[in-house]
Amino acid sequence: MTTMFDVGNKIAAKAVQLCRPEVIAAYPITPQTVIVEELARMVEAGELTAEYLRVESEHSVMAATCSAASMGVRTFTATSSQGLAFMHEMLHWASLSRLPIVMINVNRTLGPGWSIWVDDTDSMSQRDTGWIQLYCSSAQEIFDTVIQSFKLAEHRDVQLPVMINYSAFTISHTMMPAEVLSQEQVDSFLPPFKPYWRLDWRNPVTFGNVLSDEYHMEKRYTMQQGMERAKQLIPEIAREYEQRFGRFHGGLIEEYRADDAEYLLLAVSAVGSEAKVAVDNLRAMGYKVGLGRVRVVRPFPDEELRRLGKGRSLIALDRNISVGSGGIVYHETRSAVLGVAGCKVYGYLCGVGGRDVTYEDIEGMALKVIKGEMHPDVVGWWDLKTAGGN
Amino acid sequence: MERYEADTTLSYPCIAAAGKTGGWRDFKPVIDHANCIKCLRCWAYCPENAVKRAEDDSVSIDYDFCKGCGVCAHECPKKAIAMERED
């Protein structure tokens, strides 16, 4: 094991290389471009044996990735924001085909106004496409999650694509150290991909044929079962990884000082790591605050939240908005904990569109709840410059 | 043939999964054997494999599966296949 000190995107590319993808389709978009550039360099330098496809759009990226995966090979791609939105149709195609594609999406604000800064709405708005969604808070977590994700996606009981998400710039372009495994270590953890179906002229099948209405609901049911199984397998694979290599970032939710907490912050990605500092400071002030860093948004960790929510106030910090509804983690959490004794769910929209969310902001949001200045039914707009904010 | 253990929509080749598709036909190819030169273009071009070839290279239409697309009539260099409206 060696230590690598680089930006999140380069460490992500290193992990992808070690997973031996056979086909990578790519179209550049800030802030993920560094990943596919680094993978292109590796292919050119002979450090990675893969077919590298430069195609004309993100829709074609996903079409090419689906096609390659249909031939039974391990595939990878990366995107962000408008690029992910452009893939939307093919995201459904990938999951309905049960293709274990792994893709990194670096969370970036959707335009207009044009922006490259972090906002989680790009991936959260794709949450109904049948992709497993994981959210990472550090370069180390990205490295470990990429390797675990191929194993998860390719598991017989799952067979679903995985989208790994992390924050633009605060994680993608920030230099951080990461312990990097050797090729032998990764090979011993992640066996070669064995497809459960593939297009093969020696055993011809037609894929994507007309399917009568007699069978569609059943196909969705098996996908839902795959997601339910993933709820068990994500922590299991993470624990297996810990046993082998000594690192664990949490199961579906990473709990931080949560055991005796009366208030539990919920956040993903960069806000999730920043919240640890806020929790330490609030604890020093005498408030029993903890953190549940949500690592998995699909499948949504309902059972975990019901356990964590018992007798507590949950405070969801959403750097995303489903306009007309509100923060997506807030609303899904409210739905999950409905009827849980003594559980209140508070929600804030913060840093939407990329504004910084510092530990001081998070302390401020928590303190308003603690002091009884927030109502669970009314979502707060933190630091809003126009009337109506908190 | 290997059957895949996948929870997705795969179709395996078999005869007439959709039934006798000849019933879809509006126009029916009728071969004038007096003009046929046995070039086999109709047999080669038929997208449904509904033109049958005999040992002596004479051709016939399998009306159970011919959908009446007219490709055979279009390709015939001797205009020996007529497309006649079905009753």
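Residues are numbered from 1 along each chain as its sequence is written, and chains are lettered from A in the order in which they are written. In this predicted model, local features need pLDDT of at least 70 and side-chain atom pairs count only at pLDDT 80 or more, while totals for chains, interfaces and linings use all residues.

**View 1. The secondary structure of chain B.** Chain B contains two helices and five strands. Helices (H or I, at least four residues) and strands (E, at least two) are DSSP runs, numbered from the N terminus. Along the sequence, these elements of chain B come in the pattern β-β-α-β-β-α-β.

**View 2. The dimensions of chain B.** The C-alpha trace of chain B spans about 55 × 30 × 20 Å along its principal axes. Its radius of gyration, taken over C-alpha atoms, is 16 Å, whereas a compact globule of 87 residues would have one near 12 Å. The globule rule is 2.2 Å times the number of residues to the power 0.38. Of the 87 residues in chain B, 17% are buried (20 or more other C-beta atoms within 10 Å of a residue's own, with C-beta atoms placed from the backbone).

**View 3. Where chain B touches chain A.** The contact involves 16 residues from chain A and twelve from chain B; two residues are in contact if their C-beta atoms, placed from the backbone, lie within 7 Å. The chain B side has six nonpolar, three polar and three charged residues. Here Ala, Val, Leu, Ile, Met, Phe, Trp, Tyr, Cys and Pro count as nonpolar, Asp, Glu, Lys and Arg as charged, and the others, Gly among them, as polar.

**View 4. A strand pair across the two chains.** Strand β9 of chain A (residues 206-207) pairs with strand β1 of chain B (residues 10-11) in the antiparallel sense, over two bridges. Strands pair if DSSP finds at least two bridges between them. Leu10(B) in β1(B) is the bridge partner of Phe207(A).

**View 5. The open sheet of chain A.** Seven strands of chain A form an open sheet with mixed pairing, in the order β3-β2-β4-β5-β7-β6-β13. Its edge strands, β3 (51-54) and β13 (296-298) of chain A, each pair on one side only. From one strand to the next, the twist averages 20°.

**View 6. A parallel pair within chain A.** Strands β2 (residues 23-26) and β4 (residues 75-79) of chain A run parallel and are joined by two bridges. Opposite Val23(A) stands Thr75(A) in β4(A).

Key. Buried ≥ 20, exposed ≤ 12 C-beta atoms within 10 Å, placed from the backbone. Axes fitted to C-alpha atoms, helices over the stretch in contact; angles between N-to-C directions.
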